[in-house]
Amino acid sequence: MTALVANAGPSRWWRSRTMRRFTSHHLALLGVVMITLLTLACVFGPHLLPYDSLYIDLRARFSPPLTGYHYLGTDPLGRDVAARLLMAGRTSLLVAFSAMLLSTMIGTLVGVIAGYRGGWIGAALMRTVDGFLSFPSIFLLLALAAALKPSPAMVTVIVAVTSWMEVARIVEAEVRSLREREFVLAGRMLGLSGAHIMFREILPNAMGPIIVAATLTVAHAILLEAYISFLGYGIQPPLPSWGNMLEGAQQYLDSAPWLAIIPGAAITIAVTSFNFIGDGLRDALDVRDDRV
Amino acid sequence: MVASIKPVAPHDVALSVRDLTVNLPKGMERAHAVENISFDLKRGQILCVIGESGSGKSVTANAIMGLLPKVIHVSSGAIHLDGTNIVDMPQDKLRSLRGRVVSMIFQDPLSALNPLMTVGAQIDEVMAAHGVGTPKSRRGRAIELLTEVGLPDPELMYHQYPFRLSGGQRQRVMIAMALALEPTILIADEPTTALDVTTQAQILELIREIQRRKGMSVMFITHDFGVVAEIADSVVVMEKGHIVEQGSAQQVLKSPGHPYTRRLIAAVPHLTGEDRVPLETADKDPILKVEGLMKTYRSGSSLFSAQRVVPAVNEVSFDLAPGRTLGVVGESGSGKSSLGRLLIKLLDSDGGGILFEGRDIAKLSEAEFRPLRPRVQMIFQDPFASLNPRSTIGHILTVGPVAHGTPGAQAREEAKALLTHVGLDAGAFDRFPHEFSGGQRQRIGIARALMFKPKLLIADEAVSALDVSIQAQILQLLDQIQRETGVSMIFITHDLRVASQICDEIAVMQKGRIVERGPPSQIFLDPQSAYTRELVAAIPGEQPGTTRPVAANG
């Protein structure tokens with residue numbers, strides 16, 4: 001019966017089918033829309049707003065949202081919250097994306113080598129992964145952040161170093177099962193080098209889970225960055241990030257709650273959207289019920 | 001013919017299918033899984049439904065069981081089970097029929113049994129689900145059933161988990177489950193396809209014997225005309241969702257009317273007792289000489305538990321002349337696939353020597369052997385798994401030669417020429433594996449192996465996953481290639497009939513050892529070892545020495 005189901009579609013049918021499945025996942029589409037809007041706003045928004053994010057207007061301190069042109073109000077120094085929010089978004093999203101790229105690369109490299117080589121190399125690599133996982137990541141994060149000079153690049157590295165293990169485990173499991181497939185044996189029969197088989201033959205077949213894991217890592221990285229910045233070890237003022245905006249807001253929770261609510265909402269929207277996209281991709285790329 | 005008007009099926013018909021049409025969802029290669037099919041299963045008979053993959057035979061069986069997937073449904077027609085129409089019957093009524101009136105045996109006994117339940121509990125469950133008997137009487141009945149299907153030590157078997165049983169034993173358990181409620185109709189969907197030939201013979205014998213003893217009606221789905229010749233009373237031949245021919249087994253096998261049936265019967269590989277005309281080659285020195293080759297699998301850590309040591313290849317020696325084909329036959333677990341992988345060094349041997357063109361390659365490291373890899377190539381078993389789904393055919397063919405230093409443009413030229421040579425369009429070059437059928441993919445696999453113009457080809461079950469008509473074409477292609485290029489071949493297969501078609505010499509393997517080696521005439525007509533005799537006797541539809549021809553050319 002399975003043979004009946006195999007259809008002779010146009011080339012690259014898996015793309016169109018994957019797309020169809022993704023677009024039928026409404027929450028994932030919502031996530032894509034939200035992230036696109038958020039990114040566009042962060043890129044172009046600061047130029048369109050009447051106030052610079054660093055402009056201090058002490059006469060307008062603690063203006064609530066919708067005061068004059070301060071759409072989202074002002075902070076204790078009279079800076080425009082909307083401008084700061086979007087500038088902070090640039091930092092936070094950039095750090096999160098870069099951290100995702102870095103951690104996905106490290107995780108994929110470790111996972112592919114450990115999964116394909118197996119034996120003592122695989123065991124050593126995966127035990128390293130276990131070692132990293134056995135540290136409470138927040139403490140590792142804070143210890144690193146306290147010891148190193150916190151610049152955006154350094155925060156990126158710190159976040160990446162504490163979040164690559166999940167990707168490594170997913171990739172390792174995937175590669176270990178792909179390694180037994182006959183096309184890998186065929187690659188060896190043709191005399192291809194180990195690196196060629198690992199990265200040119202096996203890796204493209206493991207892209208689905210990697211993409212899903214990468215998307216979820218962005219969400220995780222946004223949270224981690226907010227976390228360390230909130231605790232004062234991350235992005236340092238005056239450079240705004242969503243996390244350090246929250247930090248600045250905590251003593252005014254009673255008098256000026258919007259200072260906490262607005263960056264908090266930005267973080268929540270970004271993280272939730274990425275999680276939705278990740279779920280959608282997971283469903284769309286899961287080809288286990290198809291014939292590959 | 002309007003079937004629903006027909007009051008009750010005649011008394012001697014157990015199952016009657018009338019004008020059954022089953023729709024496929026949109027976007028499939030055809031609109032109907034089966035269209036307008038009608039047939040009858042008479043009481044106390046075995047009806048074989050035969051067809052190649054995609055012919056709709058499994059869909060028919062699932063429709064009768066009411067087990068079609070949600071996206072596929074019966075659009076018209078009637079199915080009368082013991083006189084009751086079950087099309088559009090509510091699920092709960094249908095469920096009470098299943099198991100009681102009609103029961104099914106599946107192809108893969110491993111995935112059809114629950115790995116976490118004992119054999120006894122699973123048989124018990126069938127009866128409990130229909131509210132039959134008390135726990136005590138059910139237990140007694142289960143043991144009785146296990147005895148009936150010929151399992152050794154039924155009392156002990158009752159408490160075993162499926163993983164402890166062999167494939168044949170698992171299929172016996174499935175049969176016991178199917179028989180638990182004494183159904184009038186038994187549907188068997190390729191029940192022996194996943195089994196070894198000797199086990200297949202036993203299971204066929206068991207089904208036939210039970211059918212006779214209980215006067216059951218059996219609908220037996222298969223793709224193998226050999227099996228049909230063994231057990232069928234009547235036959236239904238299906239092609240692409242249509243019944244092209246039906247009639248008594250005698251009539252269909254002896255004088256098939258439809259061209260498709262004739263083609264199928266002709267494509268069934270037959271044992272030939274005749275030896276192949278060997279290819280004349282100038283060079284008489286063996287291209288491959290294997291001496292005392294050993295491979296042992298070890299599993300389980302010696303630290304925590306006793307190591308399990310399984311000798312997969314044990315003291316195997318043979319030699320192969322240029323331009324000849326050596327068949328390696330054996331049942332699963334005989335070590336024939338391990339042997340193939342040792343020869344091409346996809347596995348490392350534990351002892352012995354492999355002299356390829358006079359040089360011992362057994363002890364070479366991977367790096368030392370890499371320059372020699374182009375000379376020894378392999379054709380893999382599974383045409384679906386052996387091609388990288390994310391690579392184009394062009395990439396699959398050229399990646400090897402390019403890695404060994406052939407310029408890209410030249411490799412592409414050669415690949416296109418070779419595609420035409422193996423019977424594909426050169427336009428296949430830019431397409432992906434999923435766009436091809438099983439047989440076409442296997443041609444791509446062959447083209448890949450030929451890109452290097454190898455001296456030795458190892459074909460590991462290269463035609464086992466294919467339909468018989470495709471199988472015959474691929475065998476022909478391999479034969480033609482050998483005659484053109486003078487390549488030597490090692491042809492690994494579990495199917496003696498296939499081996500007899502293409503091999504100059506056959507080595508029979510059992511438990512890692514070669515028990516007999518000789519030309520096909522000796523192996524099939526005058527087997528020297530008891531095991532070979534057993535294997536030859538178990539081939540369905542053919543009994544050398546008795547007069548029971550399968551078809552006109554058999």
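1. In this predicted model, I506(B) stands opposite G518(B), the latter lying in strand 20 of chain B. The pair belongs to the contact between strand 19 of chain B, which spans residues 505-510, and strand 20 of chain B, where 5 bridges join the two strands in an antiparallel arrangement.

2. Taking the sheet as a whole, 6 strands of chain B are arranged in the order 16-17-18-13-19-20, and they form an open sheet whose pairing is mixed. Strand 16 (376-379) and strand 20 (513-518) of chain B stand at the edges, and because each has a single partner strand, one side of each is left without a neighbour in the sheet. From one strand to the next, the twist averages 20 degrees.

3. Strand 13 of chain B (residues 325-329) deserves a separate comment, since 5 of its 5 residues are buried and the strand is therefore largely enclosed by the rest of the structure. Both of its faces are covered, with T325(B), G327(B) and V329(B) buried on one side, and L326(B) and V328(B) buried on the other.

4. The partners of strand 13 of chain B can be described one by one. With strand 18 of chain B (residues 488-493) it pairs in the parallel sense over 5 bridges, and here G327(B) stands opposite F491(B) of strand 18. Strand 13 of chain B is also joined to strand 19 of chain B, again running parallel, by 4 bridges, and in this pairing L326(B) has E505(B) of strand 19 as its bridge partner.

5. Two helices of chain B should be noted in relation to the sheet strands. Helix 16 of chain B (residues 438-450) lies across strand 16 and strand 17 (456-460) of chain B, and runs at about 175 degrees to strand 16. Helix 20 of chain B (residues 530-538), for its part, lies across strand 19 and strand 20 of chain B, running at about 105 degrees to strand 19.

6. A last point concerns L179(B), a residue of helix 7 of chain B, which covers residues 167-179. Is L179(B) buried or exposed? It counts as buried, because it has 20 C-beta neighbours inside 10 Å, and a residue with 20 or more such neighbours is classed in that way. When neighbours within four places in sequence are left aside, L179(B) is in contact with L145(B) and I210(B). By way of a further distance, the C-alpha atoms of L179(B) and K57(B), which are 122 residues apart along the chain, are separated by 22 Å.

Notes
Residues numbered from 1 in each chain as written. Chains lettered and ligands numbered in written order. Predicted model: local features only at pLDDT ≥ 70, side-chain atom pairs only at ≥ 80, totals over all residues. Pairing = 2+ DSSP bridges. Axes fitted to C-alpha atoms, helices over the stretch in contact; angles between N-to-C directions. Contact = placed C-beta atoms within 7 Å. Buried ≥ 20, exposed ≤ 12 C-beta atoms within 10 Å, placed from the backbone.
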